[in-house]
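Here is a short briefing on one protein chain. Please keep the structure open while reading.

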Amino acid sequence: MTAVLASYVEEMRSWRHDIHQHPEIGFQETRTSGIVAQALRSWGYEVETGIGKTGVVGRLVNGSSGKSIGLRADMDALPIQEKTGALWQSKRMGMMHACGHDGHTAMLLGAAHYLADTRKFSGTVNLIFQPAEEGLGGAVAMMNDGLFDRYPCDAIFAMHNMPGIPEGQVVLRKGAFMASSDYATVTVKGAGGHGGLPHQATDSIVAASAIVMAIQTIVSRNTNPLDMSVITVGAINGGQANNVIPDEVKLEISIRSLSPGTRQMLERRLREVVSLQAQSYGVTADIDYRYGYPVLINHDSPTEFAAKVAASLLGDSRVSPQGQPLSGSEDFAYMLERIPGSYLLVGNGDGQGSCMVHNPAYDFNDKILQTGATLFAGLVESYLPS
Ligand SMILES: [Zn+2]
Ligand SMILES: [Zn+2]
């Protein structure tokens with residue numbers, strides 16, 4: 001199979017570069033999903049567009065088995081001005097594929113073409129091209145549009161490239177693999193006044209500063225040191241002049257964890273610490289707490305299955321079956337709450353362009369297109385043996 005897939009590398013590279021030159025951010029992937037839909041149709045897939053606004057599903061049925069598998073790729077870009085200097089650099093100002101979703105889309109298209117040409121499987125393949133992974137929850141949008149009701153899947157798989165992991169190395173993990181990511185805006189309100197007369201004011205700046213310091217003790221004192229969690233205050237805004245005490249300060253906070261229980265505890269402690277700190281300084285603190293993506297939890301048996309498939313295709317030395325979890329987040333987590341499956345990482349290597357994702361100098365490594373497509377196709381042929 002690896003040898004056969006090599007003949008699809010050139011077209012994968014050209015899709016990748018074309019999509020890279022024309023990046024589209026979340027829920028605006030009309031051009032990208034058009035390319036995907038047209039290609040799938042030309043190979044004989046039954047295609048539905050507009051699922052989750054700009055999502056596409058391609059279904060291919062072969063043989064008589066009643067089993068089904070879902071493979072998912074994300075298609076959206078980021079609002080970042082590209083600085084790679086690549087020949088295929090983004091042609092759109094302020095937008096680029098800085099997370100490699102151009103590569104994921106091309107990998108799944110390569111596997112789609114191979115599967116349609118070779119048809120060495122028995123069952124139903126559902127290819128899920130998802131919009132808006134970057135923060136907007138395209139996975140949920142597709143599920144709310146009936147994705148798994150209309151395209152039932154016995155198991156689902158997705159892949160993400162990862163800089164810093166050797167080129168083509170496959171990393172899997174049973175259990176929690178990516179963090180939950182929640183957000184809070186805290187508005188601290190006091191009574192402003194003259195900077196020289198603090199006793200006549202209730203200082204929101206001093207109270208907000210105390211809150212910032214106090215919430216740092218939640219991770220260090222309330223969570224199990226073996227259970228990763230992060231609380232980051234990413235913005236603190238209030239005041240304009242050195243001699244004026246402002247009424248109000250706003251804090252923007254990011255909260256991440258690797259278990260649903262810790263996630264709940266972090267929210268409860270954040271609310272307690274913020275409210276009681278505010279009370280002790282005589283100010284009020286309004287907390288707007290929003291849930292982002294949940295913890296991504298890989299199911300055991302699909303993960304073991306995927307590790308075996310990867311090892312048989314690529315060799316044991318290129319597969320790490322139980323890698324380290326990551327503090328990034330991923331909306332494939334919602335799909336895994338509904339359907340058993342697994343999320344895999346493929347090393348992007350450390351060559352040119354392989355700084356961390358979401359960086360203006362990042363670029364997807366074309367050398368792993370074949371690895372990704374081979375894995376996707378191999379999962380189908382092993383899950384749906386003919
Ligand atoms: Zn990303
Ligand atoms: Zn990504």
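A residue is buried if 20 or more other C-beta atoms lie within 10 Å of its own, exposed if 12 or fewer, and partly exposed in between. The model is predicted. The points below go from the domains to the cores, the sheet, and single residues.

**Domains**

- The protein chain is divided into two parts: domain 1 covers 2-178 + 295-383, and domain 2 covers 180-290.
- Between the C-alpha centres of domain 1 and domain 2 the distance is 38 Å.
- Contacts between them involve five residues of domain 1 and 10 residues of domain 2.
- On the domain 1 side, the touching residues are three nonpolar and two polar, with no charged residue.

**Nonpolar cores**

- The largest nonpolar core holds 81 residues.
- Leu108, Ala373, Phe376, Leu379 and Val380 have the most contacts inside this core.
- What does valine 380 touch, beyond residues up to four places away in sequence? Its contacts are Ile69, Leu115, Phe121 and Val125.
- Another core, of 20 residues, lies apart from the largest one. Its members include Ile215, Leu251, Ile253 and Ile255.

- Four strands make an open sheet, ordered 10-12-8-13, with antiparallel pairing.
- Why is one side of strand 10 and of strand 13 left without a neighbour in the sheet? Strand 10 (229-237) and strand 13 (284-290) are at the edges, and each has a single partner strand, so one side of each has no neighbour there.
- From one strand to the next, the twist averages 20°.
- Eight bridges link strand 10 to strand 12 (residues 248-257), in the antiparallel sense.
- Isoleucine 236 has leucine 251 of strand 12 as its bridge partner.

**Helices on the sheet**

- Helix 7 (residues 204-222) lies across strand 8 (180-189), strand 10, strand 12 and strand 13. It runs at about 170° to strand 10.
- Helix 8 (residues 260-280) also packs on the sheet, where it touches strand 8, strand 10, strand 12 and strand 13. The direction of helix 8 makes about 165° with that of strand 13.

**Leucine 270**

- Leucine 270 sits in helix 8.
- Is leucine 270 buried or exposed? It has 23 C-beta neighbours inside 10 Å, so it counts as buried.
- Setting aside neighbours within four places in sequence, leucine 270 is in contact with Ala184, Ile215, Ile218 and Ile255.
- Leucine 270 and isoleucine 287 are 17 residues apart along the chain, and their C-alpha atoms are separated by 9.2 Å.

**Strand 16 and its partners**

- All nine of the nine residues of strand 16 (residues 341-349) are buried, so this strand is largely enclosed by the rest of the structure.
- Strand 5 (residues 155-163) runs parallel to strand 16, and eight bridges join the two.
- In that pairing, isoleucine 156 has glycine 341 of strand 16 as its bridge partner.
- Strand 6 (residues 170-171) runs antiparallel to strand 16, with two bridges.
- Valine 170 stands opposite valine 346 in strand 16.

**Loop residues**

- Aspartate 145 is in the loop between helix 5 (138-144) and helix 6 (147-150).
- Because 16 other C-beta atoms lie within 10 Å, aspartate 145 is partly exposed.
- Aspartate 145 touches Ile51 and Gly52, not counting residues up to four places away in sequence.
- The C-alpha atoms of aspartate 145 and lysine 53 are separated by 8.8 Å, and these residues are 92 apart along the chain.
- Arginine 119 belongs to the loop between helix 4 (101-118) and strand 4 (123-130).
- Phi of arginine 119 is near 50°, a positive value in a residue other than glycine.
- Arginine 119 has 14 other C-beta atoms within 10 Å, so it is partly exposed.
- Where does histidine 358 lie? Histidine 358 is in the loop between strand 16 and helix 11 (369-383).
- Histidine 358 has a phi near 70°, which is positive in a residue other than glycine.

Technical notes
Residues numbered from 1 in each chain as written. Chains lettered and ligands numbered in written order. Predicted model: local features only at pLDDT ≥ 70, side-chain atom pairs only at ≥ 80, totals over all residues. Core = buried A, V, L, I, M, F, W, Y, C linked by C-beta atoms within 7 Å. Contact = placed C-beta atoms within 7 Å. Pairing = 2+ DSSP bridges. Axes fitted to C-alpha atoms, helices over the stretch in contact; angles between N-to-C directions. Domains from an automatic or database assignment. Nonpolar A, V, L, I, M, F, W, Y, C, P; charged D, E, K, R; others polar.
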